[in-house]
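Dear colleague,

I am passing on a structure that you have not worked with before. Please look through it first, and then read the notes that follow.

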Amino acid sequence: MEKIRIITDSASDIVASERTDLTVLPMSIRFGEEEFFDGVTISHHEFYEKLIESDTLPVTSLIGPAVFGEACQKAVENGEKVLIITLSSKLSGTFQSAQLAAREFEGDVFVIDSLNATIGEQILVNYALSLLDRRTPLSEIVKILEHAREKIHIIGLLDTLEYLKKGGRISKTAAFVGGTLSIKPVVTVRGGEVVMLGKARGSRNGNNFLIKEIEKTDGVDFDKPFCLGYTGLDDTMLQKYIKDSEALWTGYTEHLPICSVGATIGTHVGPNAIVVAFFEKGVKA
C-alpha cells in the first residue's frame, strides 16, 4: 500500500491538525520591518490585533520553491508519495512555486491548484484526507479532486470596506459612502478569483443575501467537508449568522465546523467578515 503525504499552505487556514500525513507550510506576513510566519510565529488572533492597530496593510508573501522542495525531499526519503494542494494560482504564485519544486520529483510529487482560498481550499484538503482514509490510490485522488474543486462554493460577507480601501481595491469615496450606508459586500471565489456577488445594506440583509446565495446552488452536500469561518478577534458575527440561517443546517448535521480565517484573506477583508464553504451535491466518490 502506497504511503501518501498531503502538503498544503497556511492560506488554507488549517491550524493544529492532528493528522500525521498532513504538512502545512506557512506563508509569511510582514508588518513593516517585522516578519512573521502564519500559524507558527503569529497566531490568527495576534494577527488581527496587529491588523486593527496598523495604519497600513501588512504584506503576505508566497511560499518559495525551495521550501516546497525541502518538504517534498523529506517525504520522498520517507517512502511517501506527495500531493500538494495550494491556494488559487490567480491569487498567489504559491502554486507555481509548488510546480517548480515538483519537477525535481517526477512521478512522486503531484500538484493541484485548489482554485480557491481560505476555507474553500481547506475543505478540498479535508476531502483529500478523507479519500486517503478510504485507501484511494493517489492517481485516482488527483482525478477526483480536479473534478470536485469545481463544485466548491465559498461565499463571504464583509463587515467593512476599510481594508479594500487601504489595499487600493476601491476608492476612498466609495468606502466612505459604503460605510455611511452600512453597505456589506458579498463576495465569492469564481474561476480562482475573488468576485463581487452583490451588496447588502446592514448585517441582517447581508445574512439574508448569504442564505439566498446558498439556496441558489444544488444544495449543500453534508456527506463531504464543509466549514464556516470568521475574521477578527471573535466569532460574534458568525454566531449571529448561524442563528439567522438555522434552517439551512437543522436536521442535516449535528456539528458545524468553525475556524478563524487568517492573514492571506484577512488582510484584504478586515475583521468581522463571515464566510461559508461547501461542496454542492453531485460530486462522485
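Are F31 and F47 buried or exposed? Both F31 and F47 are buried (under 20% relative accessible area, with exposed meaning over 50% and partly exposed in between, for a 1.4 Å probe and protein chains only).

Please keep in mind that this is a predicted model, in which local features need pLDDT of at least 70 and side-chain atom pairs count only at pLDDT 80 or more, while totals for chains, interfaces and linings use all residues. Residues are numbered from 1 along each chain as its sequence is written, and side-chain values use heavy atoms, with hydrogens and water left out.

Across the whole structure, a search finds 8 aromatic pairs (rings of Phe, Tyr and Trp, the last by its six-membered ring, with centres within 6.5 Å; planes under 30 degrees apart are stacked, over 60 edge-to-face and the rest tilted). The ring centres of F31 and F47 are 5.9 Å apart with the planes at 55°, so this pair is tilted. F31, F36, F47 and Y48 are linked into a cluster by ring pairs.

A stacked pair is formed by F226 and W249, with 6.5 Å from centre to centre and 10° between the planes. F226 is buried at a relative accessible area of 11%, and W249 is buried as well, at 5%.

With kind regards
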